[in-house]
Amino acid sequence: MEMVQTIHCPNCGSEAERHHLFTSQLTRTQCPSCDYLMVTCSRTGRVIEAYAPGVYPAAIASLPGVVHKPHPLPSHGSSARSQQSVAASRC
Ligand SMILES: [Zn+2]
């Protein structure tokens, strides 16, 4: 189940989307204008994944639990495992 809310992007102010993913208990905010992305756990409020191009990378990097590197190559076999299922299991 999913609910989509239209918000203003905290990064560039354009119209962005906030997806409430009830099944995985995640809230995902994404902006098509500037590629802003923020995924938080709706249960604990913890930041799972965050990406804001240009504006405040230092603030993003200082968030706890955010792995600040591009998608790494899978080191042992489970390449079919999606980014999101990994994030949900940590949540
Ligand atoms: Zn934006």
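Which residue in the turn of the β4 and β5 hairpin has a positive phi? G45 does, at about 80°, and the hairpin has 5 residues between its strands. The model is predicted: local features need pLDDT of at least 70, side-chain atom pairs count only at pLDDT 80 or more, and totals for chains, interfaces and linings use all residues. Numbering starts from 1 along each chain as its sequence is written.

**Confidence**

- The pLDDT is the predictor's confidence in each residue, from 0 to 100.
- The protein chain averages 78, and 59% of the residues score at least 70.
- Residues 78–82 have a pLDDT below 50, and beyond near neighbours in sequence this stretch has 2 contacts in the model.
- Two residues are in contact if their C-beta atoms, placed from the backbone, lie within 7 Å.
- Where pLDDT is low, the predicted coordinates should not be read in detail.

**Overall layout**

- The protein chain has 2 helices and 5 strands.
- Helices (H or I, at least four residues) and strands (E, at least two) are DSSP runs, numbered from the N terminus.
- From the N terminus on, the order of elements is β-β-β-β-β-α-α.
- Of the contacts between residues at least 6 apart in sequence, 18% join residues at least 24 apart.

**The sheet**

- The 5 strands form an open sheet, ordered β1-β2-β3-β4-β5, with antiparallel pairing.
- Its edge strands are β1 (2–8) and β5, each of which pairs on one side only.
- Neighbouring strands are turned by 15° against each other on average, direction ignored.
- Axes for such angles are lines fitted to C-alpha atoms, for helices over the stretch in contact, and angles run from 0 to 180 degrees between N-to-C directions.
- Two strands pair if DSSP finds at least two bridges between them.

**Strand β4 and its partners**

- β3 (residues 26–30) pairs with β4 (residues 37–41) in the antiparallel sense, over 5 bridges.
- Among these partners, T29 is bridged to M38, and Q30 to L37.
- L37 has Y51 as its bridge partner in β5.
- M38 is in contact with T29 and A50, leaving aside neighbours within four places in sequence.
- C41 also lies in β4.
- The C-alpha atoms of C41 and L26 are 4.5 Å apart, although 15 residues separate them along the chain.

**Loops with positive phi**

- Q25 lies in the loop between β2 (15–21) and β3.
- Its phi is near 55°, a positive value in a residue other than glycine.
- D35 lies in the loop between β3 and β4.
- D35 is not a glycine either, yet has a positive phi of about 70°.
- The hairpin of β3 and β4 has 6 residues between the strands.

**Burial and core**

- A residue is buried if 20 or more other C-beta atoms lie within 10 Å of its own, exposed if 12 or fewer, and partly exposed in between; C-beta atoms are placed from the backbone.
- Of the 91 residues of the protein chain, 12% count as buried.
- The largest nonpolar core has 8 residues: C9, A16, L26, C31, Y36, M38, V39 and I48.
- A nonpolar core is a set of buried Ala, Val, Leu, Ile, Met, Phe, Trp, Tyr and Cys residues joined through C-beta atoms within 7 Å.
- C41 is partly exposed because 18 other C-beta atoms lie within 10 Å.
- Q25 is partly exposed, with 14 other C-beta atoms within 10 Å.
- D35 has 14 C-beta neighbours inside 10 Å, so D35 counts as partly exposed.
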